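Please open the model in your viewer, with the sequence panel beside it, and follow the stops below in order. Each stop says what to select and then what is there.

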Amino acid sequence: KHLDARRFYITIARAIEAESTDLDFAQQLVQTFNWILFTAVETKQLREELFETVSLAEHGGAAEKELPQSLFLQLLEPWFHNPVSALALCLWAQQYELASELTARFAEYEPTLDVIKELDQLVH
């Protein structure tokens, strides 16, 4: 019998969000779980759910508390620990305005070698 992947990812996201002492560890966790999310057979249903995410723009700027607690919204904040993983999540969930904003912010900083490698993996 398999674990409920959705519940598992929400639990992981909450644990990562609570992690405030070791940001490098949180960044690595997000990178690892993001890779699993987008590649494992066991997470196919989660990918399908993310792909069907309603555009945040379609809510007309509604406050987050008014939005349904989609899987995307539950993963987004913790995923910011790893900007490239957050970008991948936004792109997959078709949140193009947010992905564009993240990309613009990438341009403001000198990327580390790790970020360059992650971006390379994302586009290849």
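Buried, in this tour, means under 20% relative accessible area, exposed means over 50%, and partly exposed lies in between, all with a 1.4 Å probe and with protein chains only. The model is a predicted one, in which local features need pLDDT of at least 70 and side-chain atom pairs count only at pLDDT 80 or more, while totals for chains, interfaces and linings use all residues. Residues are numbered from 1 along each chain as its sequence is written, and side-chain values use heavy atoms, with hydrogens and water left out.

**The whole chain**

Begin with the protein chain in cartoon view, where the secondary structure comes to 7 helices and 0 strands; helices are DSSP runs of H or I with at least four residues, strands are runs of E with at least two, and both are numbered from the N terminus. Of the 124 residues in the chain, 32% are buried. A contact here means heavy atoms within 4.5 Å, and among the contacts with a separation of 6 or more, 60% are between residues 24 or more positions apart.

**Helix 2**

Next select residues 23–39, which form helix 2. Helix 2 has 17 residues and reaches 24 Å from its first C-alpha to its last, close to the 24 Å expected at 1.5 Å a residue, where the expected span is 1.5 Å times one less than the number of residues.

Which residues of helix 2 are buried? They are Ala26, Gln27, Val30, Phe33, Asn34 and Leu37. These residues cover an arc of only 140° around the axis, which puts them on the same side of helix 2; the arc is that of the directions from the helix axis to the C-beta atoms. An α-helix has 3.6 residues a turn, so residues three or four places apart point the same way. On the other side of helix 2, Asp24 and Trp35 are exposed.

**Where helix 2 meets helix 4**

Two packed helices are described by the angle between their axes and the distance between the axes. Now show side chains: Val30, Phe33, Asn34 and Leu37 of helix 2 meet Leu75, Pro78 and Trp79 of helix 4. The residues of this contact divide into 6 nonpolar, 1 polar and no charged, with Ala, Val, Leu, Ile, Met, Phe, Trp, Tyr, Cys and Pro counted as nonpolar, Asp, Glu, Lys and Arg as charged, and the others, Gly among them, as polar.

**Helix 4 and its surroundings**

Hide helix 2 for a moment and look at helix 4 by itself. Because 8 of its 9 residues are buried, helix 4 is largely enclosed by the rest of the structure. The buried residues of helix 4 pack against helix 1 (5–18), helix 2, helix 3 (44–51), helix 5 (83–92) and helix 6 (96–106).

Select leucine 46, in helix 3, which counts as buried at 4% relative accessibility. Leaving aside its neighbours within four places in sequence, leucine 46 is in contact with Ala5, Arg6, Tyr9, Leu37 and Leu71. Leucine 46 and leucine 71 are 25 residues apart in sequence, and their C-alpha atoms are 8.1 Å apart in space.

**Threonine 43**

Move to threonine 43, in the loop between helix 2 and helix 3. Threonine 43 counts as buried, at 4% relative accessibility, and touches Tyr9, Ile36 and Leu37, not counting residues up to four places away in sequence.

Finish at helix 5, which is mostly covered, with 7 of its 10 residues buried. The cover over these buried residues includes helix 2, helix 3, helix 4, helix 6 and helix 7.

Most residues other than glycine have a negative phi, whereas glutamine 94, although not a glycine, has a positive phi of about 60°.

Notes:
Axes are lines fitted to C-alpha atoms, for helices over the stretch in contact, and angles run from 0 to 180 degrees between N-to-C directions.
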